[in-house]
Amino acid sequence: MAGIELRNRRYNIILRYGGKRFVRSLKTSDEDEALGRKLRVEENIRLIESGRLQVPAGYDLVTFLLSDG
């Protein structure tokens, strides 16, 4: 669902949703923190897919996922 990668000593999250690829800096160099955010994003995607969470129209998907809606 989502992955993290280290670029320039900072972690990015990479995910695909709705046929689109998204990449966003997690603004951290701590691997544990990056993994925690990745897990949170994956859980939020599951909540969206199950209908328990809804992304408001016009809202940035990755920002929504990272902020727990």
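## Helix 1 and its buried side

Helix 1 has seven residues to look at from the inside: Ala34, Lys38, Val41, Glu42, Asn44, Ile45 and Ile48 are its buried residues. They span an arc of only 160° around the axis, so they sit on the same side of helix 1. An α-helix has 3.6 residues a turn, so residues three or four places apart point the same way. The model shown here is predicted.

What do the buried residues of helix 1 pack against? Their partners are strand 1 (2-7), strand 2 and helix 2 (61-66). On the other side of helix 1, Asp32 and Leu39 are exposed.

## Length and ends of helix 1

Helix 1 contains 20 residues. From its first C-alpha to its last it reaches 29 Å, close to the 28 Å expected at 1.5 Å a residue.

The N-terminal end is capped by Asp30. A side-chain oxygen of Asp30 lies 3.0 Å from the backbone nitrogen of Asp32. Just after helix 1 comes Gly51, with a positive phi of about 90°.

## Leu47

Leu47 belongs to helix 1, which covers residues 31-50. Leaving aside neighbours within four places in sequence, Leu47 is in contact with Arg52 and Leu53. Leu66 is 19 residues from Leu47 in sequence. In space, the two are 13 Å apart, C-alpha to C-alpha.

## Strands 2 and 3

Strand 2 (residues 10-17) and strand 3 (residues 20-25) run antiparallel. How many bridges join them? There are 6. Ile13 stands opposite Arg24 in strand 3. The hairpin of strand 2 and strand 3 has 2 residues between the strands. In that hairpin, Gly18 takes a positive phi near 60°.

Asn12 also lies in strand 2. Is Asn12 buried or exposed? Asn12 is buried, because its relative accessible area is 9%, under the 20% cut-off. Not counting residues up to four places away in sequence, Asn12 touches Gly3, Ile4, Glu5, Arg7, Val23, Arg24, Ser25 and Leu26.

## An aromatic pair

A search of the whole structure finds 1 aromatic pair. Tyr59 and Phe64 form this pair. Their ring centres are 5.7 Å apart, with 80° between the planes. The pair is therefore edge-to-face, since planes over 60 degrees apart count as such.

Phe64 is buried, with a relative accessible area of 4%. Tyr59 is partly exposed, with a relative accessible area of 43%.

Technical notes: Residues numbered from 1 in each chain as written. Predicted model: local features only at pLDDT ≥ 70, side-chain atom pairs only at ≥ 80, totals over all residues. Heavy atoms only, no water. Phe/Tyr/Trp six-rings, centres within 6.5 Å; stacked < 30°, edge-to-face > 60°. Buried < 20%, exposed > 50% of the residue type's maximum accessible area, 1.4 Å probe, protein only. Helix = DSSP H or I, 4+ residues; strand = E, 2+ residues; numbered from the N terminus. Contact = heavy atoms within 4.5 Å. Pairing = 2+ DSSP bridges. Expected span 1.5 Å × (residues − 1). Arc of directions from axis to C-beta. Polar contact = N/O pair within 3.5 Å; in protein donor to acceptor, adjacent residues only side chain to side chain.
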